[in-house]
Amino acid sequence: MSDHVLKNVIEAADRAITAENFDALMDFYAEDATLVVKPGLNATGKAQIHKAFVAIADHFKHQIKVKQGAMKVIEGGDTALVIMETILDVVDVDAASTSITRRATYVFRRDTNGKWLCVIDNSYGTNLLDV
C-alpha cells in the first residue's frame with residue numbers, strides 16, 4: 001500500500017524536518033499528539049513537540065536528513081496505523097556521518113475536513129519493548 005495518501009503526508013513532514021521548518025511541521029500533528037523523543041521520553045502537544053524537534057536538530061548538529069523506506073498502512077474508520085522504515089542520515093557525536101534505520105509506528109487520525117493528522121509519532125516502533 002505504498003501509494004496511500006499518507007505516504008505523501010509523511011514525505012512532506014520529512015522534508016520539513018530535514019529543512020528544520022518546525023513551524024510548518026506542526027501542521028502535520030494533531031493538537032493532542034505525542035512524539036516519542038527517545039525511549040522513556042515523550043513530548044505531548046504541539047509546543048512540546050516543536051521544542052523536541054529543535055533539541056533533536058541540535059543533538060544531530062543540524063545535519064539530520066529523514067526519509068522513508070517500506071510502508072504498510074492499516075486503516076480503520078478515521079484512524080490509520082502506519083508501519084514504516086524510517087531512515088535517518090545523521091552526524092553522530094564523533095562528527096561522523098551515519099545512517100540509522102528504524103521500523104517506526106505512526107498513528108494518524110482523519111479530521112472532519114478529511115485531513116490526516118499524526119497523533120502518535122514513534123520512530124522507535126516495537127524497539128520500545130526492549131528498553
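Visitor: Which residue stands opposite leucine 35 in β6?
Guide: In this predicted model, leucine 35 stands opposite aspartate 121.

Visitor: What makes β1 and β6 a pair of strands?
Guide: Strands pair if at least two bridges are found between them. β1 and β6 have 3 bridges, in the parallel sense, so they count as paired.

Visitor: How do you know that β5 and β6 pair, and in which sense do they run?
Guide: They are joined by 6 bridges and run antiparallel; the requirement is at least two bridges, so β5 and β6 pair. Phenylalanine 108 stands opposite cysteine 118 in β6. The two strands form a hairpin with 5 residues between them, and glycine 114 in the turn has a positive phi of about 90 degrees.

Visitor: Why is β6 called largely enclosed?
Guide: Buried means under 20% relative accessible area. In β6, 6 of the 7 residues are buried, so the strand is largely enclosed by the rest of the structure.

Visitor: Which residues have the most contacts inside the largest nonpolar core?
Guide: The core has 34 residues, and those with the most contacts inside it are Leu6, Leu25, Tyr29, Phe53, Val82 and Phe108. The largest share, 6 residues, comes from α1.

Visitor: What is leucine 6 in contact with, leaving aside its neighbours within four places in sequence?
Guide: Its partners are Met71, Val73, Ala80, Val82, Phe108 and Trp116.

Visitor: How do the residues lining the largest pocket divide?
Guide: The lining has 23 nonpolar, 4 polar and 4 charged residues. Of its 31 residues, Leu35, Phe53, Ile56, Arg102 and Ser123 lie nearest the centre of the pocket, which holds about 540 Å³ of space.

Key:
Residues are numbered from 1 along each chain as its sequence is written. This is a predicted model: local features need pLDDT of at least 70, side-chain atom pairs count only at pLDDT 80 or more; totals for chains, interfaces and linings use all residues. Side-chain values use heavy atoms; hydrogens and water are left out. A nonpolar core is a set of buried Ala, Val, Leu, Ile, Met, Phe, Trp, Tyr and Cys residues joined through side-chain atoms within 4.5 Å. Buried means under 20% relative accessible area, exposed over 50%, partly exposed in between (1.4 Å probe, protein chains only). Helices (H or I, at least four residues) and strands (E, at least two) are DSSP runs, numbered from the N terminus. Contact means heavy atoms within 4.5 Å. On a 1 Å grid over the protein atoms alone, a cavity is a set of points where a 1.4 Å probe fits but cannot get out, and a pocket is an open set with protein on both sides within 12 Å along at least five of seven lines; lining residues have an atom within 4 Å of a point. Grid points are joined across faces, edges and corners, and a volume is the space filled by probe spheres set on the points. Ala, Val, Leu, Ile, Met, Phe, Trp, Tyr, Cys and Pro count as nonpolar, Asp, Glu, Lys and Arg as charged, and the others, Gly among them, as polar.
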